[in-house]
Amino acid sequence: MTLPPIAPCSGLADPASAKSPSPLRKLTLAWSATDPEPGTLRIAFASRDRLHVDQHFGAAEGFVLYTVDAERARLAGVMEFAAEAMDGNENKLAEKIDALSGCAAMYCLAVGGSAVRQLLAAGIQPMKLDEAAPIDGLLLALSEAIRDGGVPWIAKALRQDGDASRFERMAEEGWQE
């Protein structure tokens, strides 16, 4: 299924009459507006065509968001950034990271060191691919990794879902440093 493009205007009937377009256009599906359910991860993909990971994080024109669990992946939303928001905008990384709030990971073709540090500080695992890749294949691999385990960043993200009693269980089991 291919989604229609989101027009990079402010939503006014005449885009030429918009004084300053919003730097971010975001479509969030109603079912995904709440926090992901336990065992589910929200993942972002830097994509121009919404089908492939094909963009550098800092210069990404848009992201496709999915929620993924062991059984399926569901489209959660799409966001696009206005060209003005990227050119000469020193805050573009902060704006993008803020827009990705709630995501466990972000897939892209390239990401700079400063962006990696900021993403990790925000709890978002940056995933750099060597070449463009179809999002469908990545979603399948993510779903399998959630089901089968063994991927450290996925296990960590799933544990952060709110297992507040884990320390009590560790103490009962006699866990020590």
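A residue is taken as buried when its relative accessible area is under 20%, as exposed when that area is over 50%, and as partly exposed in between, with a 1.4 Å probe and protein chains only. In these terms Cys 103 is buried, with a relative accessible area of 4%, and Cys 108 is likewise buried, with a value of 0%. The structure holds zero disulfides, a disulfide being a pair of cysteine sulfur atoms within 2.5 Å. The model is a predicted one, in which local features need pLDDT of at least 70 and side-chain atom pairs count only at pLDDT 80 or more, whereas totals for chains, interfaces and linings use all residues. Residues are numbered from 1 along each chain as its sequence is written, and side-chain values use heavy atoms, with hydrogens and water left out.

The secondary structure comes to six helices and eight strands, where helices (H or I, at least four residues) and strands (E, at least two) are DSSP runs numbered from the N terminus. Along the sequence these elements follow the pattern β-β-β-β-β-α-α-β-α-β-β-α-α-α. Of the 177 residues of the protein, 37% count as buried. With contact defined as heavy atoms within 4.5 Å, 58% of the contacts between residues at least 6 apart in sequence join residues at least 24 apart.

Two packed helices are described by the angle between their axes and the distance between the axes. Axes here are lines fitted to C-alpha atoms, for helices over the stretch in contact, and angles run from 0 to 180 degrees between N-to-C directions. Helix 4 (residues 135-148) packs on helix 5 (residues 152-159) at an angle of about 70°, with the axes 10 Å apart. Helix 4 and helix 5 are therefore roughly perpendicular to each other, given that angles under 35 degrees count as roughly parallel, over 145 as roughly antiparallel, 65 to 115 as roughly perpendicular and the rest as oblique. Their crossing is right-handed, a term applied if the near helix is turned clockwise from the far one by less than a right angle, and left-handed if anticlockwise. Leu 142, Ala 145 and Ile 146 of helix 4 make the contact with Trp 153, Ile 154 and Leu 158 of helix 5. By class, this contact of helix 4 with helix 5 has six nonpolar, no polar and no charged residues, where Ala, Val, Leu, Ile, Met, Phe, Trp, Tyr, Cys and Pro count as nonpolar, Asp, Glu, Lys and Arg as charged, and the others, Gly among them, as polar.

Helix 2 (residues 92-99) and helix 3 (residues 113-121) pack at an angle of about 35°, again with axes 10 Å apart, and their crossing is right-handed. Leu 93, Ala 94 and Ile 97 of helix 2 meet Ser 114, Ala 115, Gln 118 and Leu 119 of helix 3, so that the residues of this contact divide into five nonpolar, two polar and no charged. Gln 118, in helix 3, counts as partly exposed at 30% relative accessibility. Leaving aside residues up to four places away in sequence, Gln 118 touches Leu 93, Ala 94 and Ile 97; the C-alpha atoms of Gln 118 and Ile 97, 21 residues apart in sequence, are 7.6 Å apart in space.

Two further residues lie in or between strands. Ala 76, found in strand 5 (residues 73-81), is buried at 2% relative accessibility, and its C-alpha atom is separated by 9.1 Å from that of Ile 43, 33 residues away along the chain. Arg 50 is found in the loop between strand 2 (41-46) and strand 3 (52-53) and is buried, with a relative accessible area of 10%. Most residues other than glycine have a negative phi, whereas phi of Arg 50 is positive, near 70°.
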